[in-house]
Amino acid sequence: MTKIRIILSLAAVLWATLLYAQREPFRRNPPSPDPLQELKLPLIDTAVMSNRLSVSVAYRDDVPFIGLELIVFAGESFSPERSPGMAMFAAQMLGRGSLTHSTSEFQEILDSVGGTFSVSVNPDYVLVSFHFLEEYLDQALQLISEMLLQPNFSEREIASARLRVTYDLSEKDKDPEFVGQRHLIRLLFNDHPYAKSSFTREAIRTWNLKDLQDFFGRTYRPNNAHIVLTGSLNLRTAVRKVSTFLNLWQPQEISGSLIPLSLAPEKTRLCLIDVPQSQEAMIFLGTSYPLPSVPEQFDLKVLNQVLGGTLNSRLFMNLRESKAFAKFAFSEADLWTAGGAFIIRAKVRPDVAAASIKEIKKEIEGMANLSSEEIEQAKAYLIGHFPMEIEPFENFSGKIAEIKALGAGDECWSKYYEQVSLVNAERAVAAAKKYLLRPFLIVVAGDKNRLADQLAEIGSFEVFDNKGQFLYTVNGKGAAHEARGMRPEFQRRPGHK
Amino acid sequence: MLSKTRIAATLSLALTIGFASSAQGQNSAPLSFSHYKLKNGLEVILSEDFAFPVVSVAVAYHAGSIHEPAGKTGLAYLMEDLMFRGSLNVPPHQHNNYIWRRGGELNASASEDKTLFYQTVPSNQLGLVLWLESDRMKSLELTDRVFEDARNSLLEDLPLRRLTVPYYDSFLSFDQLLFFDFARGHSLLGTEDDVRNLTLDDVKNFYGTYYVPNNAVLCVAGSFDKQRARDLIARYFETIPSRGNDLNPALQPPPAPPKKQQIVRTLEDNLASAPAFHLGFRLSPPSSDEFYALSLIDYILFRGRSSRLARRLENIRSPLLSPASGGIEVRGNQAVYKIFATVNTLAMAEQCQSAIFSELDKLKIAYMPESELTRFKNLLKKDYLWRISSTRERAIFLAESYLTMDHFDDLPLELQRFMSITPVEIVTLLNRYFKTENSLIVNVRTK
């Protein structure tokens, strides 16, 4: 009797469930997407002014702001040999007033125009990003004009900037992520000018007023710069306005250009950077290459997406979600004017640093076998994400500035969808073989006392302090060779003849 | 007429927003939207913008830590996490994957007043997001295992914060003193004891009470066909049952402050590398219209590079210390103004506090020059417009505004109201609220 009751109850539940499912069957599965809407991007119009300053404009009238991006090809690669970091120092000085206005008056003007202002420096160029209420274009250009034509290089402001940078760098020296990345740049780019971006706090001592003035005078020139304006304005208006405020900016011949990056490293190299007391280990794997062709750049984008571009990519899913080794694990395919680099970064528990490196290597090797399905998923992500990436106004301006700075064309803008669509598994695997399935420089930053034994399981490695001073080499599963004045001959760095 | 809860609205807005009036330019926000209510009480806001083929969906529930009963702290925060751990037709954590795989972005935030979920996707995926959101509103999977996992995760996180975040305890103590009643004064994350004692029934009750359509607002912003969106919303949300009249009982008004006199306390912090101080003012429940001027006062005091208090403190504090911060915060219908600054010594803290009161005194006795007022209005205007300049921000802005405004249809006029604030209003409110006897100071010593 009881059994019958149970059976009847279960049948009732089943019946109710089926009835429910029949009533609202659409809840059981995700709906099919509607047709993909077309992405209509504005043209990027460019003109060159009489002083050889390039001005580009992209029209956008859905937001009441104007974006002004000033690109000056005065990045860290152009810092003088004797003054590493000079590019950053000069960029820091840009917001510190002019001969006409003090720093605090500058700040008042920035607030008055409803402005956001930031300066960033990369190996190639300095980017000044200035966004403001559209009714204040004149005031904004006046401010930019003062920064460029009447910079305030007073001893007081210089001292203040140096103090700030010194403090910031000394704080960052405790951060394994910053320290690891700095050493990756130094060792990966080696003799290339891009290695200058790895300057340390000690470099600040070399900065002086004369070098600053010289650097600024040499590099901050209209023929070495590009202004991008976005908002509700056309090229004609933009050129007229920019000309009004910057026609006195004098061009000057710029010497020197960057040599292309080479494929590096030639052999896998493992380095441990000691960050005492660090509770985490930061792992970097990097490889550099000459500038890939445009189709290859898109192949690398897709590969990056599969390997470590997002939270859904292989590295994150493996190291964090599956193994619980990492806080994060990502990759990036960076591009600069002289070449590119594929960099993997993972923040992991120190006790699993070696295991994490093995997993990362396994995932890189996995790039030789990519299914069409996975490639299509990665492409769907890139196509879906692109409009989201550029919709926020600051990103929109920044993306156009990046395109202009890299000298990229429409392939990275209005033909972006098309370029991504053309990538297939065959192309992706070929790009992986050319750029990824090769030696990597591996840098691990963390407390050496917690990491050294594990890393020896992987192979020989060099140990540096957090300022980049070589300490000693550890042979795989062997004893340490303390450095005494010079490094042992057999431990010479790759790339050094 | 704006309500007191409206004040709460902005204050949350005011942390990042602005208002403003400027000498030039338009003072109305380029903001168009329509809204309607489903039969089950779910408020729907639609805001079309065809600049980019993307669409953002925000769902906000009027459920935050102020709705937690004593002994059950941490519920609202835990609930936000549980919303990602699966529903009847969406396996655990697959909500994220559905969005990410299509190139989308998503996030959520729980606060004292509300919990907000939002995602941006290619516009052709609007149906997917509505399907996902409706599934977790209708039939969240609340099982012992899911609950234990979420609670354990929070229990791991809580001591970690206390043991690794400098000044953490001092912020909690300061809040308790400043808000002084349980509902508003307790921590969003809850206490370890409370969280440990939470049960699956507690979570089910909270979900059943607050995560219901008639306690929520759904906002869709971006590139979509309005009729298509209405059809999809009706399909996925209309049959979700609402809850009866006992929903979300009105929050009691904040009790009167214990005494009209300044309170000063000193605490020790093991993790602090430098001494610090918190300084706060209770703004009482300001009348609705006062909210606008109070928000502008926020800008005058601490927002932007040229604000009055930031500059005064810059002259006293070492340039290497983290910048001092200040801002309005609203919990329920109680607003406060909070300042936090690290210092080199406690003597310097006193010096800073004197400078703050001295600057406030200056502002109370003289009308601010028009040019300076315009500067702060422009900053506010910039922030305000920024919040509606992308589909994601606009969806969040509209959803939050709906939850906190009595007359949501007045929203397009709001920027104008901010722009019309006069120096007289500023002086009046500074004198009403920013008084020494209405202030609280918590000094933090290093160990």
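This is a predicted model: local features need pLDDT of at least 70, side-chain atom pairs count only at pLDDT 80 or more; totals for chains, interfaces and linings use all residues.
Setting aside neighbours within four places in sequence, A:Ala140 is in contact with A:Leu68, A:Val113, A:Gly115, A:Phe130 and A:Phe132. A:Ala140 belongs to the largest nonpolar core, which has 136 residues. A:Ala140, A:Ile283, A:Val443 and A:Val444 are the residues with the most contacts inside this core. Domain 1 (44-246) and domain 2 (269-491) of chain A each give at least three residues to this core. Another core lies apart from it, with 130 residues, including B:Leu158, B:Phe281, B:Leu283 and B:Met348. In soluble globular proteins, nonpolar side chains tend to be buried together.

**Chain A as a whole**

Chain A contains 16 helices and 14 strands. Of its 497 residues, 45% are buried. Among the contacts in chain A with a separation of 6 or more, 77% are between residues 24 or more positions apart.

**The two domains of chain A**

Colour residues 44-246 as domain 1 of chain A and residues 269-491 as domain 2. The C-alpha centres of these domains are 28 Å apart. Where they touch, 33 residues come from domain 1 of chain A and 33 residues from domain 2 of chain A. On the domain 1 side, select β2 (54-59), β3 (65-72), β5 (126-133), α6 (176-189) and β6 (225-231) of chain A; each supplies at least two residues. The largest share of that side comes from α6(A), with 11 residues. By residue class, the domain 1 side has 16 nonpolar, 10 polar and 7 charged residues.

Go to helix α11 of chain A, residues 353-365. Its 13 residues should span 18 Å at 1.5 Å a residue, and its end C-alpha atoms are 18 Å apart, so the two values agree. The expected span takes 1.5 Å times one less than the number of residues. Which residues of α11(A) are buried? Highlight A:Ala353, A:Ala354, A:Ser356, A:Ile357, A:Glu359, A:Ile360, A:Glu363 and A:Ile364. When viewing the helix end on, recall that an α-helix has 3.6 residues a turn, so residues three or four places apart point the same way.

Next select helix α3 of chain A, residues 103-112. Here A:Phe106, A:Gln107, A:Ile109, A:Leu110, A:Asp111 and A:Ser112 are buried. What covers the buried residues of α3(A)? The cover includes β4 (116-121) and α4 (137-149) of chain A, together with α14 of chain B. After α3(A) comes A:Gly114, with a positive phi near 60°.

**Across to chain B**

Bring chain B back into view.

Colour chain B by domain: domain 1 is 29-237 and domain 2 is 263-446. Their C-alpha centres lie 28 Å apart. In the contact between them, 38 residues of domain 1 of chain B meet 34 residues of domain 2 of chain B. On the domain 1 side, the elements that give two or more residues are β2 (43-48), β3 (54-61), β5, α6 (168-179), α7 (182-185) and β6 (216-222) of chain B. The largest share of this side is that of α6(B), with 7 residues. The domain 1 side divides into 23 nonpolar, 8 polar and 7 charged residues.

**Last stops in chain B**

Select strand β1 of chain B, residues 34-37. β1(B) runs antiparallel to β2(B), and 4 bridges join them. B:Lys37 is opposite B:Glu43 in β2(B). The two strands form a hairpin with 5 residues between them, and B:Gly41 in the turn has a positive phi of about 95°.

Finish at helix α15 of chain B, residues 391-404. Is α15(B) mostly covered or mostly exposed? α15(B) is mostly covered, with 13 of its 14 residues buried. At 1.5 Å a residue its 14 residues should span 20 Å, and the end C-alpha atoms are 20 Å apart, which agrees.

Technical notes: Residues are numbered from 1 along each chain as its sequence is written. Chains are lettered from A and ligands numbered from 1 in the order in which they are written. A nonpolar core is a set of buried Ala, Val, Leu, Ile, Met, Phe, Trp, Tyr and Cys residues joined through C-beta atoms within 7 Å. A residue is buried if 20 or more other C-beta atoms lie within 10 Å of its own, exposed if 12 or fewer, and partly exposed in between; C-beta atoms are placed from the backbone. Domain bounds come from an automatic or database domain assignment. Two residues are in contact if their C-beta atoms, placed from the backbone, lie within 7 Å. Ala, Val, Leu, Ile, Met, Phe, Trp, Tyr, Cys and Pro count as nonpolar, Asp, Glu, Lys and Arg as charged, and the others, Gly among them, as polar. Two strands pair if DSSP finds at least two bridges between them.
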